[in-house]
Amino acid sequence: MPEEGTEMIDRVINSRGFDNFDFRYIGLIFVILGIGVLSIYSVTHDQGVAFPFYAKQIVWIALGTVAFLVMWLSDYHRIARLAYPAYAIILILLVVVLFEGKSSRGAQRWIPMGPFAFQPSEFAKLILILTLAHYYSEAPRVGWLQRVVLPGLLVLPGLLLILKQPDLGSGLSFVAVYAAMLLMVGMRSKALGVILLFSLMLFPFAWEMMWGSLHDYQRQRIMTFVDPVYDPGGKGYHALQSRIAIGAGELTGKGLYGGTQSQLKFLPEGHTDFVFSVFAEEWGFLGVLALLLLFVGLIWLSLEIVARAKDQLGALLAVGIICMLCFCVVINIGMTAGMFPIVGIPLPLMSYGGSATIMTMASLGLLLNVKRRRLSFF
Amino acid sequence: MATAGLHDSELGELQRRLIILRVGLLLVVALLGLQLWYLQIREGPYYRDLSENNRTRSVIMEPARGLIYDRNGVLLANNVPSFTLYVSLEEVQDRDLLIDQLSNLLGLDAALVRNKLTARGNKQLPRKVKDRLTLREATLVESHRLDLPGVMVQVESQRNYPGGATASHLLGYVGEVSPEQLEKPEFADLHQGSIVGQYGVEKFFDRLVRGQAGQKSIEVDAVGHEKRTVVVEQPHAGDNLYLTIDVRLQKVAENLLGEESGAIVALDPRTGDVLAMASRPGFDPNILSRELTPKQWAEIVQDEGRPLNNRASQGQYPPSSIFKVMMAAAALETKTVTPSTSIYCNGGYQFGRRVYHDWKAGGHGSMDLRHALVQSCDVYFYTVGQRMGIETIASFAHQFGLGEETGIELPSERVGIVPSEAWKQKAKNEAWLPGETISASIGQGYVSVTPLQMASLIGTVANDGVTFRPRLVQAVMDRATGELQQRAAVPKRTLKLRPEILPLIKEALAGVVKEGTGTRAQSALVTIAGKTGTAQTMALRTGPKKDIPKKFRDHAWFVAFAPVEAPTIAVAVLAEHMGHGGSASAPLAKELIETYVKLDLPAPSGVIAGAVAREGDAGGRDRDDRPGD
């Protein structure tokens, strides 16, 4: 039984348990998670309810750790084989949420589950990565049709359902993951890939320049059109309060609980989408630099995993997850710092949210799984 | 594993492309870092300022206005707690939405709310949107607080006049400072929504009564809950005023006029103290101190009775026969006549082609000065007026305080008209006609006076020629120190008349009540001297005497002082369109004087020493030869 043999060897190779790499990787994740909990605690510690947000977030992290371990220790080839059925299920859930979902601030994104709510669009991101990675690696894809158009059609129904909610943030992440996958494997021409990837990454900054040249009312019209959920007053209140919070942190910050913007609730959504602003106000530029370095470190280690991946499926999974992570971090920080319009993208590992936390930790587990399986035999 | 091999070549390609991701990542992170550096380091102090302003909110603490009492300490104006709705502009997220919400919730006019929120002025100070919220409205706003960012309800003191319409023209009313007022230097320390006196004593003494606003700097959260008060600058309450009026006398004066238009002024001639000053119709200052809609305002302003007009100090009427008091003094002083000079009255005075009639058809017969006053003979005064000429008449009228402000401490006092050749040239650009002197001699024609001037004139006669400036406020109490500051009576002028003249005139005025045109002012309680007047309106002189619509009928005048021997009260009554002074106004003056006597007020304090001494002398002398009536 070759299958059993492979697994036995595998188990032997990994019998040493954590190696140094795993330790650093997992350590970074939990440090960032800890910073997130601290910032959520700072905003919500006086919430006055039995089960405040920071406590809930710790529960989510615990559940996320389970997801992390499951994704880490299973065979990612097996997980990938479940991609299509999982994608079908998530599409059904996305349809369900449109009809049965819970509304909040004008968007219908949640499926109520007892005291909690489940956000299918978060999980859709990971499942999309799995689906695309599985698609490219299951057979050699040749020609424009197979490399670009078909995977595009695969992405489309999920994308449309998410935009219908509306959830512009998740929709953009969807497009970003597809584009990243396309450029890493879909495009034959390296030069074209380089140009497209760079322009994709720099698009937000170009967008900022374009966006900045518009009049307020023009921006407002565009934003009301694409995402009416944020900034209901259309006067840039959220964006302004967030910029004030970050700027007021100055070099060393106002200290824990010292952030008046968040403590006095001028800053809305301080525990979710704007958790970075809370952190920046309390810890200043030095704290922000440290946090950026932590994220860069985590992504750098992840890129190592891609570099040492032994099969295309693993590499593609890893690239997809990395791109999604980068995209979310950059867009979230960029929007809180006033570079982009406010779209609803949480900061991975830091923003409060069950679905997002579990999904992100599951993704990181899968990423580490790729490294663990790097010595797999064929 | 053939496909796997193909895949592996693609794997290698993918891994080679990783460099793009690495470079891209560093680039993007560097740009983020740059933006954060810009926000936190370069613009950091700016945003820190913004965040400080964000959490502290300046709240004006309106001062309590000073209280107003009458001379006996009866409360005339106080403050009651009331809810006021403010909007903090900086915290408003969606102004249009808020205007909608507020107008729906409280039934306010949306345009009005918008005006308040968009008015020019300091944007950091909360805007007052509505005062005198009912408890229900206040609760409604509080319960919707989360949906109404920037809206707050404060408990403030509101002006209240316990007496309602009593002494309305004297007290005045308060209102929000207008944009025009805010531009003036005397309102420089005020802000939109500040309450200032807009009429009467409230306006004239606003500086004293207003007090000084304080300021709270409170730390608030985003929905406006107060977390901590950071700095407090306590407001200073305004000074209390003690008026000279006696509210009992004031009410009697107002009731005497009843539904008729007119004015009654009662002064203490020894000090100028205003004992009562009634003007009808009146208004309820409690209503006017509220914020009125333009429609409500229009109704008040266009009211035919002109209730906002203080007829006592702003109504101008021909003095008619009251003028003869001054004319008699002038004629004696200029030696135009002596007390015994006799002039025959046949009921008319021929001048050129025109005959000037006496009010009594057929005439009074032979008249000396005393009888001319007692009977109010027109022909006698036509004659002496014609002999003196208009310039002499005018100069004596000025001495008696006509054509000038009495100096009462009320806004917008009117001065009336003392005609002269120069006046007519200036006002009408026409030469003076000799016949006009004749009309002026009996206080008709161009001459006009206010009831207050008439009260002051008869008070001057009563007080042996010394005019006191009418005084409304006798004491001011500084609320911070509790110090009560008395305000002295201010002598204004002494008539330049030979000493025998005024006693003669006073005796004649006593005769008016005893045996002349003013017998209906006779009182069993006190001796009263007075003079009647019947002021013809312009329309009447050309029209027939019967079936005249009321608005063209004569104004009834009566001026009086009492007791004759030692006067302590001087009264002027003007009843618009009520006909003869002797029948319509004299009884009112009598009623008022009798009420005053029954009140038995203590002698005024703060009277100038000389005036007290003279009062004592005169009283002693006159009591001896008091006629027994």
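I started with helix α2 (residues 18-42) of chain B: at 1.5 Å a residue its 25 residues should span 36 Å, and the end C-alpha atoms sit 35 Å apart, which agrees. The expected span is 1.5 Å times one less than the number of residues. Helices (H or I, at least four residues) and strands (E, at least two) are DSSP runs, numbered from the N terminus.

This is a predicted model, where local features need pLDDT of at least 70, side-chain atom pairs count only at pLDDT 80 or more, and totals for chains, interfaces and linings use all residues. Residues are numbered from 1 along each chain as its sequence is written, with chains lettered from A and ligands numbered from 1 in the order written.

I then checked burial: buried takes 20 or more other C-beta atoms within 10 Å of a residue's own, exposed 12 or fewer, partly exposed in between, with C-beta atoms placed from the backbone. In α2(B), the buried residues include B:Leu21, B:Val28 and B:Leu36.

Next I looked at strand β23 (residues 569-575) of chain B. Seven of its seven residues are buried, so β23(B) is largely enclosed by the rest of the structure. I found both faces covered, with B:Val571 among the buried residues on one side and B:Leu574 among those on the other.

Which strands pair with β23(B), pairing meaning at least two DSSP bridges? Strand β11 (residues 262-268) of chain B runs antiparallel to it with six bridges, and B:Ala266 stands opposite B:Val571. Strand β22 (residues 555-562) of chain B is also antiparallel, through seven bridges.

Last, I noted that chain A has 15 helices and three strands.

Technical notes: Pairing = 2+ DSSP bridges.
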